[in-house]
Amino acid sequence: MYVPKYHAMPDRLDALSLIDAHPLGAWVTMTDDGFVANHIPFVLDRSRGEFGTLLGHVSRANRVWEQLSASAESMVIFQGPQSYITPEWYPSKQKDGKVVPTWNYSVAHAHGVARAVDDRDWLYQLLARLTAVNESSRASPWKLTDAPSDYIDKMIRGVVGIEIPIVRLVGKLKVSQDESMQDRMGTVTGLMAEEGEDAVRMASLVKLAIDRHDKT
């Protein structure tokens with residue numbers, strides 16, 4: 001991924017936090033049949049390895065788990081907030097008109113060799129963890145034990161675990177850092193007036209980058 005210096009995430013923790021907040025990863029790996037891509041919700045275990053370890057699962061019918069190679073690195077792409085940026089928000093447009101649209105976004109690319117885990121207890125713990133993380137904000141969180149145990153066992157037999165220790169983590173935060181300060185502030189105002197959660201989140205990221213710039 002091309003990452004200009006001013007678009008690099010300032011802290012590795014920012015990339016890890018992005019994964020936690022947007023856990024549906026686009027997992028791409030090389031097999032004998034060429035590149036294979038799957039979209040999988042991962043949980044990040046920060047306690048395992050320098051950059052953490054990604055844990056997920058695929059359907060047993062998905063042959064990707066049988067095609068994994070110990071010599072082929074995988075990449076998982078996590079997409080954070082993103083938004084189209086119109087030059088109508090730029091005060092500089094009124095001066096000389098030398099402005100164009102752009103697209104702001106935040107992403108993290110996690111690299112590592114994936115391995116399949118076909119173990120009932122490992123899978124049960126993973127599914128319990130995935131469920132706990134994603135149900136945590138609910139008033140009455142659903143748990144694996146809410147379903148009949150024989151049914152859960154049947155579901156587990158239908159999946160295979162995927163484990164990816166992260167050996168390289170690249171984050172990119174493109175949030176108008178290369179624009180003039182007045183245009184950056186105009187972008188914040190414009191985004192806040194838009195409808196949609198992504199626009200509000202992007203406005204917060206642009207403002208955070210401005211605040212960080214002011215402190216340097």
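Is Asn-38 buried or exposed, and what is its relative accessible area? Asn-38 is buried, with a relative accessible area of 15%; buried denotes under 20%, exposed over 50% and partly exposed the range in between, for a 1.4 Å probe and protein chains only.

## Basis of the model

The structure is a predicted model, in which local features need pLDDT of at least 70 and side-chain atom pairs count only at pLDDT 80 or more, while totals for chains, interfaces and linings use all residues. Residues are numbered from 1 along each chain as its sequence is written, and side-chain values use heavy atoms, with hydrogens and water left out.

Asn-38 belongs to strand β2 (residues 34-41). Strands (E, at least two residues) and helices (H or I, at least four) are DSSP runs numbered from the N terminus.

The side chains of Asn-38 and Asn-62 are joined by a polar contact of 2.7 Å. Such a contact is a pair of N or O atoms within 3.5 Å; within protein, one must be able to donate a hydrogen and the other to accept it, and residues adjacent in sequence count only if both atoms are side-chain atoms. Leaving aside residues up to four places away in sequence, Asn-38 touches Gly-25, Ala-26, Trp-27, Asn-62 and Val-64, where contact means heavy atoms within 4.5 Å.

## Strands β6 and β9

Strand β9 (residues 168-174) is mostly covered, with five of its seven residues buried. Strand β9 runs antiparallel to β6 (residues 102-113), and seven bridges join the two; pairing requires at least two DSSP bridges between strands. Within this pair, Ala-108 stands opposite Gly-171 of β9.

## The two largest pockets

The largest pocket holds about 250 Å³ of space. Its lining has 11 residues, and Tyr-6, Pro-10, Gln-177, Ala-209 and Arg-212 are the closest to its centre. A pocket is an open set of points on a 1 Å grid over the protein atoms alone, with protein on both sides within 12 Å along at least five of seven lines; lining residues have an atom within 4 Å of a point. Helix α5 (residues 197-215) gives the largest share of this lining, three residues.

The second largest pocket holds about 190 Å³. It is lined by 13 residues, and Met-9, Asp-14, Leu-18, Leu-173 and Leu-205 lie nearest its centre. The elements that give two or more residues to this lining are α1 (12-21) and α5, and the largest share, four residues, comes from α1.

Technical notes: 1 Å grid on protein atoms, 1.4 Å probe; cavity = no way out; pocket = protein on both sides within 12 Å on 5 of 7 lines; lining within 4 Å. Points joined across faces, edges and corners; volume = space filled by probe spheres on them.
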